[in-house]
Amino acid sequence: MSGSMDVFGTTDVGRKREQNEDQFLIADLTKSMKIHQTSLGLDHQTRLFGNSQGKVLAVADGMGGQAAGERASGAAIDAIVAYLLDTMRWFYQLDDDCEDDLLDGLKAAMVHCQERLHAEAEAMPRRHGMGTTMTLAYLIWPRLYIVHVGDSRCYLCRGGHIEQLTNDHTLAEKFVEAGTLSEDAARTSRWRHVLWNVIGGESNDVSPEVYRTDLELGDAVLLCTDGLTAHVSDDELRESLVGGSSAQQACEQLVQLANSRGGSDNTTVIVARFLETAASAELVAAESQPGDKSLEDTEPYLTPVTPPEIAPKA
Ligand SMILES: [Mn+2]
């Protein structure tokens, strides 16, 4: 069976804040080769692309005064992009032996972000203490890996049920786990906004939470910052994921709902729906097996594309 991914992300400043300190990223990791010269009859400026090596969805919610929050979440996403491109090995994909390496790589990416933020804060005292949450989903169909720090969230919606896959790294949640605070009381507790785990901030430590699951066609994954969940219940999230006709519609509906209830914070949402369809080639990788990622095997997928920035001059 083949399928396709319908994915969309949006961020909104809300009704109360002057600045939007949230950031998001939706990206596709693909091997590419730029042809300089060849006898193959391809244009010498052609760039060839291999199979998708994974999709990355990330949301980050920055904190810190004087625009430092916006800087923190932006620098963290920048650092993730640089880490994914330059440092992390992601060509091994479905190879089971490498799974721990992948999870370790994702954790190391968070530590890399932490170092980057601390270095910036040290260089610019007014950015001292800036920090950010980060919830990142790395998808190699059908596997979903999540690495998470803070109180943004990742949900999985399957068969009409919704489940929060991440834990909120707030003091309120810690007290609930310890049994000293009820879940009801936690919803209004002053500890619900106090993070014990954050990228950057005052602490030198960061404790990335990792999670792995297998996706199925028909599933939907939602990533969001706390501006959404402050106003919208899990049930309402589920309804918009089940009822919406597209990822874009679900995102826009949810932001509207948060804003109609006060929009007390910046709101960022990414929705990814995994659809059963015969028509799309988006997830053909679902059909491929571990180990069949050699260059020879990717040949049928090579599609010459000339990105606009390297288009040959007329
Ligand atoms: Mn927030």
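**Note on the predicted model**

1. Ile 199 is buried, with 32 other C-beta atoms within 10 Å. Buried means 20 or more such atoms within 10 Å of the residue's own C-beta, exposed means 12 or fewer, and partly exposed lies in between, with C-beta atoms placed from the backbone. Ile 199 belongs to strand β9 (residues 199–200). Strands (E, at least two residues) and helices (H or I, at least four) are DSSP runs, numbered from the N terminus.

2. A word on the basis. This is a predicted model: local features need pLDDT of at least 70, side-chain atom pairs count only at pLDDT 80 or more, and totals for chains, interfaces and linings use all residues. Residues are numbered from 1 along each chain as its sequence is written.

3. Which residues does Ile 199 touch, not counting those up to four places away in sequence? They are Ala 76, Met 110, Cys 113, Gln 114, Leu 117, Gly 131, Thr 132, Met 134, Val 149 and Val 206. Contact here means C-beta atoms, placed from the backbone, that lie within 7 Å. His 118 is 81 residues from Ile 199 in sequence, and their C-alpha atoms are 9.0 Å apart in space.

4. Next, the helix pair. Helix α1 (residues 68–86) packs on helix α2 (residues 99–123) at an angle of about 130°, with the axes 9 Å apart. Axes are lines fitted to C-alpha atoms, for helices over the stretch in contact, and angles run from 0 to 180 degrees between N-to-C directions. The two helices are therefore oblique to each other. Under 35 degrees would be roughly parallel, over 145 roughly antiparallel, and 65 to 115 roughly perpendicular; the rest is oblique.

5. On the α1 side, the contact is made by Ala 72, Ala 75, Ala 76, Ala 79, Ile 80 and Tyr 83. α2 supplies Ala 109, His 112, Cys 113, Arg 116, Leu 117 and Glu 120. By class, the contact has nine nonpolar, one polar and two charged residues. Nonpolar covers Ala, Val, Leu, Ile, Met, Phe, Trp, Tyr, Cys and Pro; charged covers Asp, Glu, Lys and Arg; the others, Gly among them, are polar.

6. Gly 129 sits in the loop between α2 and β4 (131–132). Gly 129 counts as partly exposed, with 17 C-beta neighbours inside 10 Å. Beyond four places in sequence, Gly 129 is in contact with Gly 64, Ala 121, Gly 201 and Glu 202. Gly 129 and Glu 202 are 73 residues apart in sequence, yet 5.1 Å apart in space, C-alpha to C-alpha.

7. Now the sheet. Five strands form an open sheet in the order β1-β12-β11-β7-β8, with antiparallel pairing. Two strands pair if DSSP finds at least two bridges between them. The edge strands, β1 (3–12) and β8 (161–164), each pair on one side only. The twist averages 15° from one strand to the next.

8. Thr 11 stands opposite Thr 268 in β12. Helix α7 (residues 247–260) lies across both strands and runs at about 25° to β1.

Notes:
Contact = placed C-beta atoms within 7 Å.
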